[in-house]
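Hello,

Here is the structure I promised to pass on to you. Please have it open while you read the notes below.

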Amino acid sequence: MMLSTPAAGLLLILAWIYPSHALYFHIGETEKKCFIEEIPDETMVIGKYRTQLWDKQTSSFLPSTPGLGMHVEIKDPDTKIILSRQYGSDGRFTFTSHTPGEHQICLHSNSTKMALFAGGKLRVHLDIQVGEHTNNYPEIAAKDKLTELQLRVRQLLDQVEQIQKEQNYQRYREERFRMTSESTNQRVLWWSIAQTLILIVTGIWQMKHLKSFFEAKKLV
Amino acid sequence: MALLRRKEGSGGRLLALAAIFGWCFGSVRCFGQSQDSELTFLLPAGRLECFFQTAVKNGTMEVEYQVIAGAGMDVDFTILSPEGIRLIVESRRSDGVHVVEPTVEGDYQICFDNSFSRFSEKMVFFEIIIEGQGGDVGGDEEWAGLEEPDGSLLEYKLEDIRESMDSLHRRLERSRQMQTVLRAFEARDRNLLEDNLWRVSFWSCASMLVMLCVALTQVYTVRKLFDDKRRVYT
C-alpha cells in the first residue's frame, strides 16, 4: 500500500495535464463567450475548462497560467443568475437545473495583470457534460460495492433514464410550441376580421362625411 | 483515486496499473474511444468564431451544425485540416452534416462566420463525433481495476453478456445524439414561430394605423379642395 500514494500522485498529475481531448477555442481579453444548454429539470451539468496562454518567446502555448482567471456566469431560462463566480486558470463548475429550458453559460477572462494578455490570445479547452455523463462511475462502484457487470447495468439504466427525461421535456416543449402556433393562427384570423370591419366602417364614414360636407357647401 | 486505494493487491501491480491508466487517460490513441462534444453558442453579428478539435490518425470525424435562431437563420461554415487545407467551405447554409474520413493527426479547425450579417446575432448548435481507428470500443478503460465477477467456468457467457451490454451502450449513446439533433430542430422551429408571432402582431397594428391615416388624409384632401378661398358656385 505504500506504493499506492506515488501511483495516485502520478495518476493525478497525468489527469491534470490531460483532462480530455475536448474542444478548444481562442478568446480575447475582454471577450465574453456564451454557450446555451437546453436541458430538462433536475439535470446536473459539469463544465471543465483549462486555459493556456500564448507565449511570445517560445511561440507556443504555455501549459498553465497562474494569475489568470475566468469568470463564469450561468443564467437559468428566466434570465436569473444561478452562478456567478471567479475561477482560476483551470476550473470546474457545476450546477443542477431546477426549471427546464435554455440555460446560458458565459465565460470571460478576468486577468489581473494586463501584460499577460499582450500576446492577445488565450486558448480555452472546454468540456461540458450533461446528465448521466456527469456520473462518476468508479466512485459509484466504490460506494455501492458493485462488480463490473453491475456497474455497466447501472450505466445503461442511467442512460435510459436520461433519454426518458429528455423525451418528457420534448413533449412539454412540443405542447408549448403547439400553443404558440394556435395563438398565432388565432391572432391572424382576428386581425384580418378586425381590419376588414374597420376598412368597411372607415369607408362608410368617409362617404357620409363627404356627402354632408358637399350638402353643406351646396354642391349636391 | 478511491479505486486505487480500494484495491487489495500487490503494490507493483498497482503502480503498473496506475501508469497504464494514467497514460491511457492522456492519450486517445490507447483505445479507439468515441468522444462527442456538442455545443450551442451565440455568434454575435459580424464575427467569426472558430473551434478546434484534436483528431487521431485514421479516425472519423462527423460534424453536424444547425442555426437555431437569428434573422436569416444561416451562417458560413468552414472546416480546415491541421495542415491548413480548407476541406469544406459552405456559404450561408442553415444546417449541414459532414464526415471527414480518414482524419490526420492534429487539430481540425471548425469555423462559423457571421460577417455578412450586420445586426442579427445567431445561435448555432454543432456536434462533433470523433471515432478512433478501431471504431467504438466501450467503457472498459474507465473502469479497469474493478472487481471482476467470479466465474471462470462461465467466462464465455460473461463475454457474451458484456458484448451485448457494450452494444447497447453504444446504441443508447447514438439515440441520445439523435435526440440532441431533434431537439435542435425543434428549438429552431420554435424560435422561428415566436418570431412569426411577433411579426404578425406588429405588422397588423402597423397596417391598421396606415389604413386610418390614409382615410383621414383622403377626407382632409378632398375637403381642402373645396376650401372657402376658391368658391365653387353652382
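What follows covers the cysteines, a stretch annotated in UniProt, some strand pairing and the cavities.

First, some housekeeping. This is a predicted model, in which local features need pLDDT of at least 70 and side-chain atom pairs count only at pLDDT 80 or more, while totals for chains, interfaces and linings use all residues. Residues are numbered from 1 along each chain as its sequence is written, chains are lettered from A and ligands numbered from 1 in the order in which they are written, and side-chain values use heavy atoms, with hydrogens and water left out.

**Cysteines**

Over all chains there are two disulfides (a disulfide is a pair of cysteine sulfur atoms within 2.5 Å). One is formed by A:C34 and A:C106, with the sulfur atoms 2.0 Å apart. A:C34 sits in strand β2 (residues 32–39) of chain A and A:C106 in strand β8 (residues 101–109) of chain A, so the bond ties together parts that are 72 residues apart in sequence. Helices (H or I, at least four residues) and strands (E, at least two) are DSSP runs, numbered from the N terminus. The torsion about the S-S bond of A:C34 and A:C106 is about 105°, so this disulfide is right-handed. Both A:C34 and A:C106 are buried; buried means under 20% relative accessible area, exposed over 50%, and partly exposed in between (1.4 Å probe, protein chains only).

In chain B, B:C50 is joined to B:C111, S to S 2.0 Å. Here B:C50 belongs to strand β2 (residues 48–55) of chain B and B:C111 to strand β7 (residues 106–113) of chain B, so the pair links parts that are 61 residues apart in sequence. With a torsion of about 110° about the S-S bond, the disulfide of B:C50 and B:C111 is right-handed. B:C50 counts as buried at 15% relative accessibility, and B:C111 is buried at 5%.

What about B:C205? B:C205 is in no disulfide, and the nearest cysteine sulfur, that of B:C213, is 13 Å away. That distance is too far for a bond. B:C205 is partly exposed at 39% relative accessibility, and B:C213 is partly exposed at 47%.

**The annotated stretch**

An unreviewed UniProt entry lists residues 200–222 of chain B as "transmembrane region"; UniProt positions are given in the numbering used here, feature names are shortened, and annotations may be inferred rather than shown by experiment. In the model, residues 200–222 of chain B are 100% helix and 0% strand, with the end C-alpha atoms 33 Å apart.

**Strand pairing**

Two strands pair if DSSP finds at least two bridges between them. Within chain B, nine bridges join β1(B) to strand β8 (residues 122–131), running antiparallel. There, B:D36 stands opposite B:I129 in β8(B).

**Cavities**

A cavity is a set of points, on a 1 Å grid over the protein atoms alone, where a 1.4 Å probe fits but cannot get out; lining residues have an atom within 4 Å of a point. The count is three cavities of 30 Å³ or more, and the largest cavity has a volume of about 60 Å³. Grid points are joined across faces, edges and corners, and a volume is the space filled by probe spheres set on the points. The lining of the largest cavity includes A:I36, A:E37, B:R183 and B:A184. β2 of chain A and α3 (155–225) of chain B are the elements that give two or more residues to that lining.

Best wishes

Definitions and conventions: 1 Å grid on protein atoms, 1.4 Å probe; cavity = no way out; pocket = protein on both sides within 12 Å on 5 of 7 lines; lining within 4 Å.
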